Amino acid sequence: MLVVMKAQATPEEIQAVCDHIELLGYRAHPMPGAQRTAIGITGNQGEADRGNLEELSGVAEVIRVSKAYKLASRDVKEEDTIIRFAGTDATIGGRGLAIVAGPCSIENRDQAFAIAGQVAASGAQFFRGGAYKPRTSPYAFQGLGLDGLIIMSEIREKFGLRIVTEALDNESLELVAEYADIIQIGARNMQNFSLLKKAGRLRKPVLLKRGLSATLEEFLMAAEYIMSEGNYEVILCERGVRTFADHARNTLDLSIVPAVQRVSHLPILVDPSHGTGKRDQVLPMARAAIAVGADGILVEVHHQPEKALSDGPQSIYPAQFARMMDEIEQIAPIVERSLPRGLHVDAGVTGVHDGRTK
Ligand code: PEP
Ligand code: MN
């Protein structure tokens, strides 16, 4: 259920409605919009009891949300969610496209710095790198753990790039959240409900990757798990699904971008690296992703991909990344977007890695 407040409702009236909802035993999720605030109601098993919500001061109407996902849906919030990063001008979901680039794994300090320097020089605003890696084989490189997180915080300090890194499990989530600007939840964890809920209790943006065989509804329900706990800053990421096609590692399902945008206000990025698994397919699919209306790209870049400890064959060279940025810049205006190059970081913000800048 959804309580739509009148355009002129005061903060006190909104608070009173939230208190009333909680008194009924539900959870209230105020979602401020450009015109008015809507308050999502969750926590009800069946149809929620309307009580006398309609009579409360400042309430315009109480409506039923029929979709299984509620907080993620445009029924609750019509306008696109724009995620901001305190102390910087970077956004995800606004007019400016968000580019997240970096290696699959942080392998060592020199490797990470070499790549970060090059993606920063091309204008990326976000640096990705795995410190905890979900690997198919237990014998494959599992990531540097805390050392990897520390390297990334040094990269933020030196280059100003905002950091995206994966939390693999409940145990590492809080540590990752301390260092990351965006917490990635990987495809294999898209339905790890306890991890989703725990991430929902944090106040840090979460980049949620689509599961290997997830439907649109399952994907949005996973986002809903995070939002239902009060964290509304979810960034979706299409990274390809399993099909019978064998010319690529996965099939990058670009049609999910307009499908998501029709029903949800959440931003969606596209990952052409895991989506194809092949370096020569990454650039063409990145172009297509921007053309289809994605809010940005997450891409693996490595300066020596032949030596990479994970995902070398799909990692593009820094020079290819530079070209990708130029191409995206040219496509952007056609879809009424722009490509910001680099980001402005307020003095005193760069080096803090413990979330106090948020
Ligand atoms: C990654 O981004 O390196 C990764 C492991 O992605 P996914 O969860 O999409 O496989
Ligand atoms: Mn990878």
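1. E329 is partly exposed, with a relative accessible area of 37%; buried means under 20% relative accessible area, exposed over 50%, and partly exposed in between (1.4 Å probe, protein chains only). This residue forms a salt bridge with R341, where the closest N and O atoms are 2.8 Å apart. A salt bridge here is a side-chain nitrogen of Lys or Arg within 4 Å of a carboxyl oxygen of Asp or Glu. The pair links distant parts of the chain, 12 residues apart: E329 belongs to helix α10 (residues 318–331) and R341 to the segment after α10. R341 also counts as partly exposed, at 34% relative accessibility. Helices (H or I, at least four residues) and strands (E, at least two) are DSSP runs, numbered from the N terminus.

2. On provenance: this is a predicted model, in which local features need pLDDT of at least 70 and side-chain atom pairs count only at pLDDT 80 or more, while totals for chains, interfaces and linings use all residues. Residues are numbered from 1 along each chain as its sequence is written, chains are lettered from A and ligands numbered from 1 in the order in which they are written, and side-chain values use heavy atoms, with hydrogens and water left out.

3. The structure holds 18 salt bridges. One of them joins R210 and E238, with the closest N and O atoms 2.8 Å apart. These two residues are 28 apart and link distant parts of the chain, R210 lying in the loop between β11 (206–209) and α6 (216–228), and E238 in strand β12 (residues 234–238). R210 is buried at 6% relative accessible area, and E238 is buried at 0%.

4. E54 and R50 form a salt bridge with the closest N and O atoms 3.8 Å apart. E54 is partly exposed at 41% relative accessibility, and R50 is partly exposed at 30%. Elsewhere, a network of salt bridges links R27, R201 and E229.

5. Which residues donate to the manganese ion (ligand 2)? The protein donors are C104 (SG), H274 (NE2), E300 (OE) and D311 (OD), at 2.1 to 2.4 Å from the ion. Donors are N, O and S atoms within 2.8 Å of the metal (3.2 Å for Na, K and Ca); water is not among the atoms, so sites may look incomplete. C104 sits in the loop between β7 (98–102) and α2 (109–121) and D311 in the loop between β14 (296–300) and α10, so the pair ties together parts 207 residues apart in sequence. Both C104 and D311 are buried.

6. The largest pocket has a volume of about 410 Å³. Of its 17 lining residues, T42, G43, N44, A68 and K70 are the closest to its centre. α6 gives the most to this lining, with four residues. The lining divides into seven nonpolar, six polar and four charged residues. Ala, Val, Leu, Ile, Met, Phe, Trp, Tyr, Cys and Pro count as nonpolar, Asp, Glu, Lys and Arg as charged, and the others, Gly among them, as polar. A pocket is an open set of points on a 1 Å grid over the protein atoms alone, where a 1.4 Å probe fits, with protein on both sides within 12 Å along at least five of seven lines; lining residues have an atom within 4 Å of a point. Grid points are joined across faces, edges and corners, and a volume is the space filled by probe spheres set on the points.

7. The second largest pocket has a volume of about 280 Å³. Of the 22 residues lining this pocket, the closest to its centre are P134, R188, R249, H274 and D311. The lining divides into five nonpolar, seven polar and 10 charged residues.
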